[in-house]
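Please look over the sequence and the model shown here.

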Amino acid sequence: MLDSLTIFTKGGLILYQYESSTTASSKKKNEILLNQFMTSIFLDPTFTTTNQTRRITIESQLVEWQSSSQDASVIAVASYSQVVLKGKKNKSLNWIQFLLQACLKAWLSHEEKYNLV
């Protein structure tokens, strides 16, 4: 199950956010997760990647992200529990990559149409 999906700029501006739970503790957990993600990935000079799709673990949550091929400053981030990986059918989570790609494409199309950001 997808716990959260966030589209934001590398500057930190949140453009869209979905959270599966709307409790105050869940919102705080997601905020901490995003802050740790930003610190781990964008503020760590030793972190390097070679492709656009990435996955890391933060506090028992898997965090997968993808930057847009059209606008590299826009990033989509999805978080989900490691429990999703249990079982033979879910060994390959390509659906999350497709979801991130589709979300970025839809957002950029919407942004272009309405002159957002």
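Of the 117 residues in the protein, 37% are buried, that is, under 20% relative accessible area with a 1.4 Å probe and protein chains only. The model is a predicted one, in which local features need pLDDT of at least 70 and side-chain atom pairs count only at pLDDT 80 or more, while totals for chains, interfaces and linings use all residues. Residues are numbered from 1 along each chain as its sequence is written, and side-chain values use heavy atoms, with hydrogens and water left out.

The protein contains two helices and five strands, taken as DSSP runs (helices H or I, at least four residues; strands E, at least two) numbered from the N terminus. Their order from the N terminus is β-β-α-β-β-β-α. Contacts are heavy atoms within 4.5 Å; among those between residues at least 6 apart in sequence, 48% join residues at least 24 apart.

The largest pocket has a volume of about 190 Å³, the space filled by probe spheres set on grid points joined across faces, edges and corners. A pocket here is an open set of points on a 1 Å grid over the protein atoms alone, where a 1.4 Å probe fits, with protein on both sides within 12 Å along at least five of seven lines; lining residues have an atom within 4 Å of a point. The lining includes Thr-6, Ile-14 and Met-38. Strand S1 (2-9), strand S2 (14-19) and helix H1 (24-41) each give two or more residues to this lining, and H1 provides the largest share, six residues.

Definitions and conventions:
Buried means under 20% relative accessible area, exposed over 50%, partly exposed in between (1.4 Å probe, protein chains only).
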